[in-house]
Amino acid sequence: MKKTLPILTALFTASTFAQAAPQTLDVYTYDSFSADWSAGPKVKAAFEQQFPQCKLNYVAFDNNGTLFNRVRLEGKKIKADVVLGLDSYQIEEAQKLNIFEPNKVDLSQLRLPIKWENKTFLPFDYAQYAFIYDKNKLANPPKSLKELVERQDLKVLYQDPRTSSIGRGLLLWMNAVYPAADVANAWKTLSKHTVTVTKGWTESYGAFLKGEGDMVLSVNTSPIYHILSEQKDNYMATEFAEGSVLQVEVAAKVANRNNACADEFLGFLLSPQAQADIAKNNVMLPVVETNIESHIDALNSHSKSMRILDTATVTSGQLKGWINQWQKALSK
């Protein structure tokens with residue numbers, strides 16, 4: 001009995017430790033979400049504090065396009081429990097992979113400019129595509145997308161629609177504003193005063209801040225970053241007469257992973273704390289009704305009344321065709 005007691009004690013201690021060890025939740029995302037300066041670390045800290053049984057592990061990729069390519073490449077062998085950072089225009093292709101399953105989140109709490117009914121892909125932030133400019137350097141910004149395309153005095157920067165979700169936004173925007181027969185010529189006209197087309201947003205926005213262009217494609221929340229982080233109010237977002245295109249970023253649970261932390265995490269993404277961390281550090285707008293910060297709250301309220309172009313029915317086939325058209329227009 002004396003010999004068995006230490007053994008039983010050791011087994012009990014090991015069992016208790018095993019029960020207490022947190023479950024790892026692997027989340028595929030893009031690096032500007034998981035970076036030290038962004039929302040990811042704050043979301044991780046708050047989530048793990050509220051759910052100590054879970055340990056959040058980000059697996060980050062260069063950008064939205066690289067992230068989605070990895071998801072498609074791995075398919076049913078994907079090593080993630082959750083994928084965070086796809087956008088609404090990738091949902092159709094993502095669904096075809098048959099690797100995601102519905103979440104358990106109550107969608108009635110969502111407050112987006114559009115109605116959301118998809119139970120598999122959960123919105124966690126949104127914004128509208130816009131061109132950003134410095135009002136101290138550009139006194140007469142264009143008032144419409146067509147004016148921006150036509151004005152040869154403007155030096156424009158934007159992103160490759162094959163690799164950047166922001167760049168894909170311009171693809172949608174151009175095809176929503178121009179008749180199909182005119183889109184190719186519009187791309188050619190724009191190319192005459194385009195400084196560069198970059199792989200991702202970081203490169204083009206950085207070039208803009210260095211003074212290499214007058215306007216850069218981004219989202220309408222970008223000026224808020226400069227206000228909150230740099231106390232600068234000289235950066236402005238366009239609000240074009242034709243309206244704009246909505247970007248909704250989503251997260252989804254990978255099927256058959258049996259990780260309870262995945263449901264906890266998706267639910268947590270809509271909590272007031274997570275929404276505030278995402279809005280302030282990912283510089284996007286919240287998807288639930290919550291007060292965060294005066295500039296964010298004002299833009300969120302205004303965005304609900306802004307004109308949004310209908311791109312909800314755009315198919316992946318159309319996007320591929322439009323990318324080919326864009327490539328041909330720029331190569332001639």
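Guide: At least three residues of the lining of the largest pocket come from each of domain 1 (23–126 + 247–305) and domain 2 (128–245 + 309–330). The structure is a predicted model, in which local features need pLDDT of at least 70 and side-chain atom pairs pLDDT 80 or more, while totals for chains, interfaces and linings use all residues. Residues are numbered from 1 along each chain as its sequence is written, and side-chain values use heavy atoms, without hydrogens and water.

Visitor: How do you know where domain 1 and domain 2 lie?

Guide: Domain bounds are taken from an automatic or database domain assignment. For the protein chain, that assignment gives domain 1 as 23–126 + 247–305 and domain 2 as 128–245 + 309–330. Over C-alpha atoms, the centres of domain 1 and domain 2 are 25 Å apart. The contact between them, meaning heavy atoms within 4.5 Å, takes 20 residues from domain 1 and 23 residues from domain 2.

Visitor: What makes a space a pocket rather than a cavity?

Guide: On a 1 Å grid over the protein atoms alone, a cavity is a set of points where a 1.4 Å probe fits but cannot get out, whereas a pocket is an open set with protein on both sides within 12 Å along at least five of seven lines. Lining residues have an atom within 4 Å of a point. By that rule, 32 residues line the largest pocket, and Ser-32, Trp-37, Trp-201, Thr-202 and Asn-282 lie nearest its centre. Two or more lining residues come from each of α2 (31–34), α7 (165–177), α9 (201–209), β8 (215–219), α10 (222–230) and β10 (246–254). Such elements are DSSP runs numbered from the N terminus, helices being H or I of at least four residues and strands E of at least two. The largest share of this lining, six residues, belongs to α9.

Visitor: How many residues line the second largest pocket, and which are the closest to its centre?

Guide: The second largest pocket holds about 520 Å³ of space, its volume being that filled by probe spheres set on grid points joined across faces, edges and corners. Its lining has 21 residues, with Ser-88, Ile-114, Trp-116, Thr-311 and Ala-312 closest to the centre. Elements giving two or more residues to this lining are α5 (91–96), β10 and α14 (316–331). Here α5 supplies the largest share, three residues. Domain 1 and domain 2 each provide at least three residues to the lining of the second largest pocket.

Visitor: Why does Asn-98 count as exposed?

Guide: Exposed means over 50% relative accessible area, buried under 20%, and partly exposed in between, with a 1.4 Å probe and protein chains only. Asn-98 has 56% relative accessibility and therefore counts as exposed. It lies in the loop between α5 and β4 (100–101), with a positive phi of about 55 degrees although it is not a glycine.

Visitor: What makes Asn-256 exposed?

Guide: The value for Asn-256 is 66%, so it counts as exposed. Asn-256 is found in the loop between β10 and α11 (260–269), and its phi is positive, about 60 degrees, although it is not a glycine.

Visitor: Is Asp-31 exposed, partly exposed or buried, and how do you know?

Guide: Its relative accessibility is 33%, so Asp-31 counts as partly exposed. Asp-31 is in helix α2. Apart from neighbours within four places in sequence, Asp-31 is in contact with Ala-60, Phe-61 and Asp-62.

Visitor: Why does Asn-220 count as buried?

Guide: At 7% relative accessibility, Asn-220 counts as buried. The residue lies in the loop between β8 and α10. Leaving aside neighbours within four places in sequence, Asn-220 contacts Ala-127, Gln-128, Ala-130, Ala-237, Leu-299, Ser-303 and Met-306. In α10, the buried residues are Ser-222, Pro-223, Ile-224 and His-226. Their cover includes β5 (121–134), α9, β8, β9 (235–237) and α13 (294–303). Just after α10, Gln-231 takes a positive phi of about 55 degrees.

Visitor: What makes a group of residues a nonpolar core?

Guide: The term means buried Ala, Val, Leu, Ile, Met, Phe, Trp, Tyr and Cys residues joined through side-chain atoms within 4.5 Å. The largest such core has 60 residues, of which Leu-25, Phe-33, Val-71, Val-83, Phe-100, Phe-265 and Leu-269 touch the most other members. Not counting residues up to four places away in sequence, Leu-269 touches Val-43, Leu-84, Phe-124, Ala-251, Ala-274, Gln-275 and Ile-278. A second, separate core has 37 residues, including Phe-131, Leu-171, Val-177 and Leu-319.
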